[in-house]
Amino acid sequence: MLKAVILIGGPQKGTRFRPLSFEVPKPLFPVAGVPMIQHHIEACAQVPGMQEILLIGFYQPDEPLTQFLEAAQQEFNLPVRYLQEFAPLGTGGGLYHFRDQILAGSPEAFFVLNADVCSDFPLSAMLEAHRRQRHPFLLLGTTANRTQSLNYGCIVENPQTHEVLHYVEKPSTFISDIINCGIYLFSPEALKPLRDVFQRNQQDGQLEDSPGLWPGAGTIRLEQDVFSALAGQGQIYVHLTDGIWSQIKSAGSALYASRLYLSRYQDTHPERLAKHTPGGPRIRGTQPAPIPNLWLPPQPSEPGFLTSSPELKPQSLPLPDQIRFGIFAPRASLLLLGNVYIHPTAKVAPSAVLGPNVSIGKGVTVGEGVRLRESIVLHGATLQEHTCVLHSIVGWGSTVGRWARVEGTPNDPNPNDPRARMDSESLFKDGKLLPAITILGCRVRIPAEVLILNSIVLPHKELSRSFTNQIIL
């Protein structure tokens with residue numbers, strides 16, 4: 001029997017996610033068409049023996065969260081419950097506070113996942129590693145380059161046994177290129193060190209304050225209070241992955257995470273990806289889809305054509321808009337991998353051009369001639385005719401006028417560095433707003449024929465002109 005715990009934090013967190021977190025709790029923000037934590041729940045539900053999924057956080061159990069929990073239980077046929085902390089208790093305090101709920105039914109082990117990470121979640125591989133060599137703590141790790149590793153928890157491992165010998169959270173100097181992914185597998189005995197930290201906090205609080213239970217005793221930081229303290233004692237091990245992984249701390253990182261998940265949909269959820277069909281919007285991707293049984297007619301040799309073998313015959317390759325199954329055909333029949341998600345209730349004009357890496361939410365209207373690329377369009381938004389939206393997030397119920405252009409600047413990892421990660425984005429440098437993706441908050445109105453570039457527009461604003469590199473309050 002297994003369980004999973006997803007740490008969703010609370011409204012005091014996610015400030016870098018504003019203004020998007022004004023309208024919906026950050027864990028429910030749509031990434032690749034579904035709420036952020038649904039990716040976590042889907043991964044947990046696929047692990048054999050999973051009996052229950054618990055969400056722990058400090059959010060009020062409002063209507064959106066309640067509806068999401070009910071829908072998740074029906075879809076995955078698993079108990080999915082929310083446990084609300086009485087106060088923000090850190091990454092480990094909620095685990096100890098709700099220890100009885102976690103250990104109910106005597107689970108063999110339980111996964112712990114931070115809500116603000118994007119991953120392919122190799123939970124089954126972690127479980128196999130845990131069963132081969134059982135220890136209280138198993139951490140999922142990946143690699144980062146030397147500079148960016150300073151922004152994460154760094155792990156020094158024994159390369160033979162994979163024991164964690166040293167752990168430092170966000171070190172000031174280089175420690176290791178192995179970083180903590182925020183995904184763990186704990187044995188039930190892992191809660192004992194959390195109890196020790198709680199008791200130590202309580203004793204320290206009683207020495208400083210009046211007798212009684214110190215309110216801060218329940219705040220436990222897994223990384224600093226547990227991992228750093230127990231490293232090198234044979235209790236913490238690391239499982240390395242080379243799969244996709246990224247943090248989701250800001251709107252820009254949410255857009256990057258959406259790209260990663262959309263690319264995974266080709267293998268995990270192909271039904272979620274829009275297909276290029278005659279009469280529908282054009283889905284543009286980076287490459288044509290592989291076409292089985294493609295027949296290429298041989299052509300006679302041309303003057304000057306050199307071959308390295310007499311068996312090789314030159315062939316004339318048809319243009320991409322001519323390829324179909326063995327014959328030539330117009331572009332309307334070309335199937336492209338656009339990595340585009342379109343909600344079934346969205347209305348998209350046939351002349352719109354979408355992709356790559358676009359997510360269109362519930363009730364969205366996309367007009368004729370619209371161009372969408374590397375963007376998220378949220379519930380109820382309207383993009384009028386010939387709008388161009390690039391590297392942007394269009395908020396709930398917002399309207400972009402005809403021939404308007406909404407564009408941002410991506411802050412993607414260096415594509416030439418396989419260990420590069422998303423940089424921790426800072427809005428300002430030397431008093432100036434840094435170029436980043438453009439964000440339109442809830443119910444923003446953009447007039448026709450204007451440019452909104454590298455800007456953040458707070459909710460319920462009606463603009464009358466173009467803006468560049470500004471925050472519109």
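These entries record what I looked up in a predicted model of one protein.

**Entry 1: overall composition.** I began with the secondary structure and found 8 helices and 34 strands in the protein. I then checked burial: of the 473 residues, 50% are buried. For the accessible surface I noted about 22,400 Å², with 51% of that area belonging to carbon and sulfur atoms. I also looked up the contacts between residues at least 6 apart in sequence; 60% of these join residues at least 24 apart.

**Entry 2: the open sheet.** I traced an open sheet of 7 strands, paired in parallel, in the order β15-β18-β21-β24-β29-β32-β34. Its edge strands are β15 (340-342) and β34 (471-472), each of which pairs on one side only. Helix α8, residues 251-268, packs on this sheet. I listed the strands that α8 touches as β15, β18, β21, β24 (392-394) and β29 (438-440). The direction of α8 makes about 95 degrees with that of β21.

Entry 3: I next examined β18 (residues 358-360) and β21 (residues 375-377), which run parallel and are joined by 3 bridges. In this pair, I found Val 358 opposite Ser 375 of β21.

**Entry 4: helix α7.** Which residues of α7 (residues 222-230) are buried? I recorded Leu 222, Glu 223, Asp 225, Val 226, Phe 227 and Leu 230.

Technical notes: Residues are numbered from 1 along each chain as its sequence is written. This is a predicted model: local features need pLDDT of at least 70, side-chain atom pairs count only at pLDDT 80 or more; totals for chains, interfaces and linings use all residues. Side-chain values use heavy atoms; hydrogens and water are left out. Helices (H or I, at least four residues) and strands (E, at least two) are DSSP runs, numbered from the N terminus. Buried means under 20% relative accessible area, exposed over 50%, partly exposed in between (1.4 Å probe, protein chains only). Contact means heavy atoms within 4.5 Å. Accessible areas come from the Shrake-Rupley method with a 1.4 Å probe; for residues, only the protein chains shown count as cover. Two strands pair if DSSP finds at least two bridges between them. Axes are lines fitted to C-alpha atoms, for helices over the stretch in contact, and angles run from 0 to 180 degrees between N-to-C directions.
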